[in-house]
Amino acid sequence: MHEMSLAEGVIQVLEDNARSQGFSRVKKVSLEIGRLSYVEIESMRFCFEAVCRDSIAAGAELEIIEITGRGWCHNCEKQFDYSARYDPCPHCQGYQVQMVSGDEMRIKELEVE
Amino acid sequence: MCTTCGCASGNTRVEGDDLHHGHDHHHHAHEAGHSHDHSHGPSHDQQQGHSHDHHHEHSHSHQPSHQQDAAGDLHFGKGPAGNHVPGLSQKRMIQIEQDILGKNDAYAEQNRAQFVAHNLLALNLVSSPGSGKTTLLTRTIEELQAKLPCAVIEGDQQTANDADRIRATGVPAVQINTGKGCHLDAHMVGHALEQFDLDPQQVLFIENVGNLVCPAAFDLGEAHKVAILSVTEGEDKPLKYPDMFHAADVMLLNKTDLLPYLDFDVEQCIDYARRVNPQIEVIQLSAKSGEGMQQWYDWIDAKRQALLQTKLTELERQVAAIKYSL
């Protein structure tokens, strides 16, 4: 349930930005979450709703933009779709693979008033 | 985790310090309009409308004006602040592009800078509950402390039992109870560091909460994550919990004295670990029989020397730069 910590982290970033950018309500939050990141999306939605309740983001819409995983094989020097950290390279079946994308946990943008 | 101070929404406590919230350093959970007294050190101007933007820059040095129990334990507080910020009422879009863990990572960098300043190798020990982490750690510090002075931060949801076990060996230890939290974060560790004299220490072991999921995401400022897997668990755990084995630099395969009685396939387990992390080092050992422990100590010493060598190289570069400009 570290999604609860992450959701509280999101609220805190919103509140910091409310101070620095001068807004009082958050209507919508867009997160970019990689498919191979540490976030379970349904759990994040549940936790976000729970921690928003008494915050400047109460009732805010949560948009989650999922980012697909991409891996890079050091042997083949090619990129490929990567759906789990233990996936081999589809070309050589080796495991000398580095993740190119898919572990993002980012707040992308906000709709505020 | 509240990323202003990093406190969990539960009741995190650090021994010897008290972080009970609803208190001073950044005012969680205030209702607008109520009055409150601040008894801690730094004075500050109260903002109208409770926007509370006077929160400190976290030098980890605030005066604990809050509740401190008989053991001197510290209480972390509640979740995020219910701030009321006067602002505009015009709808607009704001690009933020900030990492959700950005604040934790900033605290982790502060911890890392402290470790480097004190020439301290910090290791973050992660595993499932019951892998034999504390037994391994107890034996390690008993056998290592004469050569390499050690300190320990213990993370558990509740009880100071593990820190008590460590302190019985004569090594300084601080217990962090995460309350409802499932992992240590960098801010808790920063507060725990205040309880130590770091100068005489050479190795800091941070025993994380027994959990193969959540601690993977939270950088504490350590030099290396050390994953401990015991042979009484399944050999496919590296595949079941790939994030953790991906984040670790070394896997300690513990309880090897039990291998004759089990069907555990060591080679298969190592193969699985290298699928998720081709660079991971593996040390097979038994904290009970002592088999393989020397290899683990050699690994610690090699990493400590690498850390010191990196710092020495940097200092020599600075000395050369100063000499050049004289």
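How many strands form the open sheet, and in what order do they stand? The model is a predicted one. In it, 4 strands make up an open sheet, arranged as S2(A)-S1(A)-S6(A)-S2(B), and their pairing is mixed.

**The sheet**

- In general, the strands of a sheet pair through backbone hydrogen bonds, in either a parallel or an antiparallel sense.
- The pairing of strand S6 of chain A (residues 105-112) with S2(B) is antiparallel and extends over 6 bridges.
- Within this pairing, A:Arg106 has B:Asp99 of S2(B) as its bridge partner.

**The helix pair**

- The angle between the axes and the distance between the axes are what describe two packed helices.
- Helix H1 of chain A (residues 2-21) packs with helix H2 of chain A (residues 41-52) at an angle of about 50°, and their axes are 8 Å apart.
- The crossing of H1(A) and H2(A) is right-handed.
- On the side of H1(A), the residues in contact are A:Glu3, A:Met4, A:Leu6, A:Ala7, A:Glu8, A:Val10 and A:Ile11. They meet A:Ser43, A:Met44, A:Cys47, A:Phe48, A:Val51 and A:Cys52 in H2(A).
- Sorted by class, this contact of H1(A) with H2(A) comprises 10 nonpolar, 1 polar and 2 charged residues.

**Residues with positive phi**

- Most residues other than glycine have a negative phi.
- A:Glu77, which is not a glycine, has a positive phi of about 55°. A:Glu77 lies in the loop between strand S3 (70-73) and strand S4 (78-81) of chain A.
- A:Glu77 counts as exposed because it has 8 C-beta neighbours inside 10 Å, the cut-off for exposed being 12 or fewer.
- A:Gln93, also a residue other than glycine, has a positive phi near 65°. The loop that holds A:Gln93 runs between S4 and strand S5 (97-101) of chain A.
- With 9 C-beta neighbours inside 10 Å, A:Gln93 is therefore classed as exposed.

Key. Residues numbered from 1 in each chain as written. Chains lettered and ligands numbered in written order. Predicted model: local features only at pLDDT ≥ 70, side-chain atom pairs only at ≥ 80, totals over all residues. Axes fitted to C-alpha atoms, helices over the stretch in contact; angles between N-to-C directions. Helix = DSSP H or I, 4+ residues; strand = E, 2+ residues; numbered from the N terminus. Left-handed = near helix turned anticlockwise from the far one by under 90°. Contact = placed C-beta atoms within 7 Å. Nonpolar A, V, L, I, M, F, W, Y, C, P; charged D, E, K, R; others polar. Buried ≥ 20, exposed ≤ 12 C-beta atoms within 10 Å, placed from the backbone. Pairing = 2+ DSSP bridges.
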